[in-house]
Amino acid sequence: MGKRILLLGAPGAGKGTQSKRLAETYGVEHVTTGDALRANKDMETEYGTPRSFMEKGELVPDAVVNEIVEAALADADGYVLDGYPRNLSQAEYLTEITDLDAVIYLKVAESELVERLTGRRVCDDCGTNFHVKFNQPEEEGVCDDCGGELVQRDDDTEETVRERLSVFEENTEPVIEHYRDEGVLVEVDGEQTPDEVFEDIRSVVDDA
């Protein structure tokens, strides 16, 4: 059985980047809530399909998300879970359906998260990500990959970013405390370079 890793962290903490590297390094699935929902839009649950909520722009209820994630984990020989659980009830459900080898929290100060997220620029054509400070394109405002225009997404403005971080704190901080109380949470300094963060995560996983 492959490693079963849960990666927690606020928007902008680097979960997506680190999860992909972990999945490649350990040969396990990278399971994100968004991907799992998109891949199973028409999965029937007693509450309806994810599509029925997504097409109305509504949040998919916990009970539906739980079933989708359970199905994704059942098919995986090891995984990195990224973006779930988002609240305490999802964390309790996760405990019922699987055993985790490592629970890792990428800790990053709010001021750093705001700088990372508001500085992000996305290619309007191909979707490649850049950053005004950390990952600049060769030519300002132009995508290195396809020459498309780089734009700031609506959800990367400072007002929206601070609101997203506030929602994270309200919903997901209790999840972090839950795992901390259980004695299984390992904090990693997410403000290091991506390579340093990855090496710290690897040492946690290898010891698990």
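Here are legends for a handful of close-up views of this predicted model.

View 1. An unreviewed UniProt entry gives Cys-123, Cys-126, Cys-143 and Cys-146 as "binding site". They cover a span of 24 residues in sequence, yet no two of their C-alpha atoms are more than 8.6 Å apart, so they gather at one spot.

**View 2. A look at Cys-143.** You'll find Cys-143 in the loop that runs between β6 (129-131) and β7 (150-151). Its relative accessibility is 4%, so Cys-143 counts as buried.

**View 3. A look at Cys-146.** Cys-146 sits in the loop between β6 and β7 as well. Is Cys-146 buried or partly exposed? With a relative accessible area of 43%, Cys-146 is partly exposed, whereas Cys-143, at 4%, is buried. Ignore its neighbours within four places in sequence, and Cys-146 is in contact with Cys-123, Asp-125 and Cys-126.

**View 4. Helix α1 against helix α8.** Here α1 (residues 15-26) meets α8 (residues 194-207), with axes that come within 11 Å and cross at roughly 50°. That angle makes α1 oblique to α8, and the crossing is right-handed. On the α1 side, the residues to look for are Gln-18, Arg-21, Leu-22, Thr-25 and Tyr-26. Facing them from α8 are Pro-194, Asp-195, Val-197, Phe-198, Ile-201, Arg-202, Val-205 and Asp-206. Sort the residues of this contact between α1 and α8 by type and you get seven nonpolar, two polar and four charged.

**View 5. Helix α6 against helix α7.** Another helix pair: α6 (residues 110-118) packs with α7 (residues 158-181) at an angle of about 130°, and their axes are 10 Å apart. So α6 is oblique to α7, and α6 passes α7 in a right-handed crossing. Which residues make the contact? From α6 come Glu-110, Leu-113, Val-114, Leu-117 and Thr-118, and from α7 come Glu-158, Val-161, Arg-162, Arg-164 and Leu-165. The residues of the contact of α6 with α7 split into five nonpolar, one polar and four charged.

View 6. Thr-33 has its place in helix α2 (residues 33-39), while Tyr-84 is in the loop between β3 (79-82) and α5 (88-97). Thr-33 counts as buried at 8% relative accessibility, and Tyr-84 counts as buried at 1%. Leaving out residues up to four places away in sequence, Thr-33 touches Val-65, Asp-82, Gly-83 and Tyr-84. Tyr-84, with its neighbours within four places in sequence left aside, is in contact with Leu-6, Thr-33, Val-65, Asn-66, Val-69, Gln-90, Tyr-93 and Leu-94.

How values were computed. Residues numbered from 1 in each chain as written. Predicted model: local features only at pLDDT ≥ 70, side-chain atom pairs only at ≥ 80, totals over all residues. Heavy atoms only, no water. UniProt positions renumbered as here; feature names shortened; annotations may be inferred. Helix = DSSP H or I, 4+ residues; strand = E, 2+ residues; numbered from the N terminus. Buried < 20%, exposed > 50% of the residue type's maximum accessible area, 1.4 Å probe, protein only. Contact = heavy atoms within 4.5 Å. Axes fitted to C-alpha atoms, helices over the stretch in contact; angles between N-to-C directions. Parallel < 35°, antiparallel > 145°, perpendicular 65-115°, else oblique. Left-handed = near helix turned anticlockwise from the far one by under 90°. Nonpolar A, V, L, I, M, F, W, Y, C, P; charged D, E, K, R; others polar.
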